[in-house]
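Visitor: I would like a close look at a single part of this model, with its surroundings described in some detail. Please take the structure below as the starting point.

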Amino acid sequence: MSSSPDRTADVAALFDRSRLTLARHLAGLRKSDLATRVDKSATAVAAWESGAKRPTAGTVAQLALSLSVDPGFFAVRPDDIAALSTTPHFRSLRSTSQLARDQAFAYGQLAVDIATSLEKHVEFPDVDVPSLPVAVDDADADGPERAAQLVREAWEIGAGPVGHLVRLLEHHGVLVVFSPPQTASVDAYSFDSRLRPVVVLNPIKRDYYRQRFDVARELGHLIMHGDAEPGGRTVEEQAHRFACELLMPAAEIRDRLPATMGGNVWVTLAKLKEQWGVSMQALLFRARRLGRLGDVSYRNAMTTISARGWRRDEPGLITAIEQPSLLPKAVELLKQEGIDDVTLLAQCRVPADLFRTVTSRTPEGFGTESEPPASAGGGPGARVVSLLERRSGPPSSTSPGG
């Protein structure tokens, strides 16, 4: 959008206060920080964000320059993403500042904003995420396990390992993106925007096995914890249990897990790791949870893991992480139809660098390393032909306005 005086005046007339808050959070600024940048009072910034006052065209230009966005970013949209978004599930509330969490959440909301804009041209899969609320005050109930079993049944995953997990979520309408480096201090998180559920992955954790567990955990939050207070110990434990049951169903894996740590147990664990697409640490945790390993054996095994330097760097055959394809494929299809990035950026009115990050298959700076095959581990992810087709019916139109 042009930033000419009359166009900026148009934005001032159609100014959306929630967009200012979003832009400020994206920049990682407090209200007082922004006030200093535009030479105004913090009270003025608060008034603009509350809707009590509206900035002038000149101030809109200053705000845009200070927050590195086009003035058009502040113009009203059909949907108020912030108002439609639930509180995100951040894993470690104590280890990250509120400012960092606000910045990360704003990025997730921007991803929804971009996806909504792309959906004007490309039809995405319908949202098809089961809901099974699990009471947080009942830590010993089997709700997480039942929720995971529900997903396997509803999504027709069948027996055995889950295939390409990111692709599976996208196929059922979940938006999966990598966060930019500036929000890397925040681990994977998720929230429901009411337009499309979102999972945001950490750009630094480039481990195929751990990434899959992160994705499964966040799916658990989306299914079980729509109304739960995020960040609590029980909530996170329930998400962990959901991920374990989804990726390693008890009925299928219990008898395959080691009952002792002697003999060739590490070879067995390595084979199970590749078959099920989970870390050896996750397998050991599962073995203890299911009663195969006692507490002493588990602690000894984890001591060995630490001594070998495997806590953060386990050996494994797959070095490429799973990659999202919903938004990248949409951009590719639109380019084929003559709608390039410049046109999309003018429509989305978001910073170019963040647009590229949101619509990328890999984290920023990750290079062009190819991803693991969609059939890794088997499962329905291998059968997804195109994420830009609905689950049933013919391929969607990619023509503008279609």
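Visitor: In which loop is Arg194 found? Please describe that part closely, and then what lies around it.

Guide: Note that the model is predicted. Arg194 sits in the loop between strand 2 (189–192) and strand 3 (197–201). The chain as a whole has three strands, along with 18 helices.

The backbone of Arg194 deserves a remark. Most residues other than glycine have a negative phi. Arg194 has a positive phi, near 70°, and is not a glycine. Its relative accessible area is 53%; since exposed means over 50%, Arg194 counts as exposed. By comparison, 53% of the 402 residues of the chain count as buried.

Asp39 is not a glycine either, and its phi is positive at about 60°. Asp39 also belongs to a loop, here the one between helix 3 (31–37) and helix 4 (42–50). With a relative accessibility of 68%, Asp39 counts as exposed.

Arg194 also takes part in a pocket. The second largest pocket, with a volume of about 380 Å³, is lined by 25 residues, and those nearest its centre are Asp192, Arg194, Leu222, His225 and Gly226. Strand 2 and helix 10 are the elements that give two or more residues to this lining. Helix 10 contributes the most, with four residues. Sorted by class, the lining of the second largest pocket comprises 14 nonpolar, seven polar and four charged residues.

Helix 10 leads on to the other pocket. The largest pocket has a volume of about 660 Å³. Its lining has 20 residues, with Arg91, Phe213, Arg217, His240 and Gln281 closest to the centre. Helix 10 (208–224), helix 11 (233–247), helix 14 (280–289) and helix 15 (295–307) each supply at least two residues of this lining. Here too helix 10 gives the most, with five residues. In the largest pocket the lining consists of ten charged, seven nonpolar and three polar residues.

Two values for the whole chain complete the setting. Of the contacts with a separation of 6 or more, 76% are between residues 24 or more positions apart. The accessible surface of the chain is about 17,300 Å², and carbon and sulfur atoms account for 49% of that area.

To return to the part requested: Arg194 is an exposed residue in the loop between strands 2 and 3, and one of the residues nearest the centre of the second largest pocket.

Technical notes. Residues are numbered from 1 along each chain as its sequence is written. This is a predicted model: local features need pLDDT of at least 70, side-chain atom pairs count only at pLDDT 80 or more; totals for chains, interfaces and linings use all residues. Side-chain values use heavy atoms; hydrogens and water are left out. Buried means under 20% relative accessible area, exposed over 50%, partly exposed in between (1.4 Å probe, protein chains only). Contact means heavy atoms within 4.5 Å. Accessible areas come from the Shrake-Rupley method with a 1.4 Å probe; for residues, only the protein chains shown count as cover. On a 1 Å grid over the protein atoms alone, a cavity is a set of points where a 1.4 Å probe fits but cannot get out, and a pocket is an open set with protein on both sides within 12 Å along at least five of seven lines; lining residues have an atom within 4 Å of a point. Grid points are joined across faces, edges and corners, and a volume is the space filled by probe spheres set on the points. Ala, Val, Leu, Ile, Met, Phe, Trp, Tyr, Cys and Pro count as nonpolar, Asp, Glu, Lys and Arg as charged, and the others, Gly among them, as polar.
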